[in-house]
Amino acid sequence: MKNYIYIFLIAMVPLIELRGAIPVAYGIHAANPDFSLLWSYIIIAIGNILPVPFIYLFARKVLEWGKDKKHIGKFFTWCLEKGEKGGQKLQAKAGRGLYWALVLFVGIPLPGTGAWTGTLAASFLDMGFKKSVIAVIGGVILASVIVGVVCTLGFGAFFGI
């Protein structure tokens, strides 16, 4: 149970998210074959998606509030700039296909993309709560498939040697 809580928490961490939690789950599974990868995926997806509504509804407001504060201002300003830049890039490239652009932005596992950044960008673009959450969930599913395939191939090759 401890390992499931561990990967759940990793999946909730910004910038790490499921891209870090899935490889950890594969590592735990390699050391303990009784550790279920199927349950791991479900728990990781829930951990990655759980913060999304809160990010959409509150993160922008909290970041705006904190950008002028002495100790947290620089970090909050960086987060605001990251969200604004992500939103602008998404809007510029996607035009009317913004929903699918958000799915791909969240789903392609590159540094700086993911549920946290995608949701923040969607809030800056005023995409709408329901549409944003559904797009982010689709992106999380896509990212989990991609990371899972890479881990399966990578760990399989590693342990085959």
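User: Why is Arg60 called partly exposed?

Analyst: Its relative accessible area is 29%. Buried means under 20%, exposed over 50%, and partly exposed in between (1.4 Å probe, protein chains only). Arg60, at 29%, therefore counts as partly exposed. A caution first: this is a predicted model, where local features need pLDDT of at least 70, side-chain atom pairs count only at pLDDT 80 or more, and totals for chains, interfaces and linings use all residues. Residues are numbered from 1 along each chain as its sequence is written, and side-chain values use heavy atoms, without hydrogens or water.

User: What makes Arg60 and Asp126 a salt bridge?

Analyst: The N to O distance is 3.6 Å. A salt bridge needs a side-chain nitrogen of Lys or Arg within 4 Å of a carboxyl oxygen of Asp or Glu. The pair therefore qualifies. Arg60 is in helix H4 and Asp126 in the loop between H7 and helix H8 (129–160), 66 residues apart. Helices are DSSP runs (H or I, at least four residues), numbered from the N terminus. Asp126 is exposed because its relative accessibility is 58%.

User: How many salt bridges does the rule give?

Analyst: Two. Glu64 and Lys67 also form one, with the closest N and O atoms 3.1 Å apart. Glu64 is partly exposed at 32%, and Lys67 is partly exposed at 35%.

User: Why is Glu17 called buried?

Analyst: Glu17 has 1% relative accessibility, so it counts as buried. Glu17 is found in helix H2. Its phi is positive, about 45 degrees, although it is not a glycine.

User: Which side chain of opposite charge is nearest to Glu17?

Analyst: Arg19, 4.0 Å away. Lys and Arg count as positive and Asp and Glu as negative, with His and the chain ends not counted. Glu17 has no salt bridge.

User: What is Glu17 in contact with, beyond its neighbours within four places in sequence?

Analyst: Ile10, Ala11, Asn48, Gly114, Ala115 and Trp116. Contact means heavy atoms within 4.5 Å.

User: What of Leu15, where does it lie?

Analyst: In the loop between helix H1 (2–12) and helix H2 (17–31). Leu15 has a positive phi near 70 degrees and is not a glycine.

User: How do H4 and H7 pack?

Analyst: Helix H4 (residues 52–66) and helix H7 (residues 115–124) meet at about 65 degrees, with axes 9 Å apart. Axes are lines fitted to C-alpha atoms, for helices over the stretch in contact, and angles run from 0 to 180 degrees between N-to-C directions. The H4 side includes Ile55, Tyr56 and Leu63, and the H7 side includes Trp116, Leu120 and Phe124.

User: How do the residues of that contact divide?

Analyst: Ten are nonpolar, two polar and one charged. Ala, Val, Leu, Ile, Met, Phe, Trp, Tyr, Cys and Pro count as nonpolar, Asp, Glu, Lys and Arg as charged, and the others, Gly among them, as polar. Arg60 of H4 is part of the contact and therefore falls in the charged class.

User: What makes H6 mostly covered?

Analyst: Seven of the ten residues of helix H6 (residues 98–107) are buried. They are Leu98, Ala101, Leu102, Val103, Phe105, Val106 and Gly107.

User: Is Pro33 buried or exposed?

Analyst: Exposed, because its relative accessible area is 62%. Pro33 is in the loop between H2 and helix H3 (37–49). Its C-alpha atom is 19 Å from that of Phe8, 25 residues apart along the chain.

Note on methods. Helices (H or I, at least four residues) and strands (E, at least two) are DSSP runs, numbered from the N terminus.
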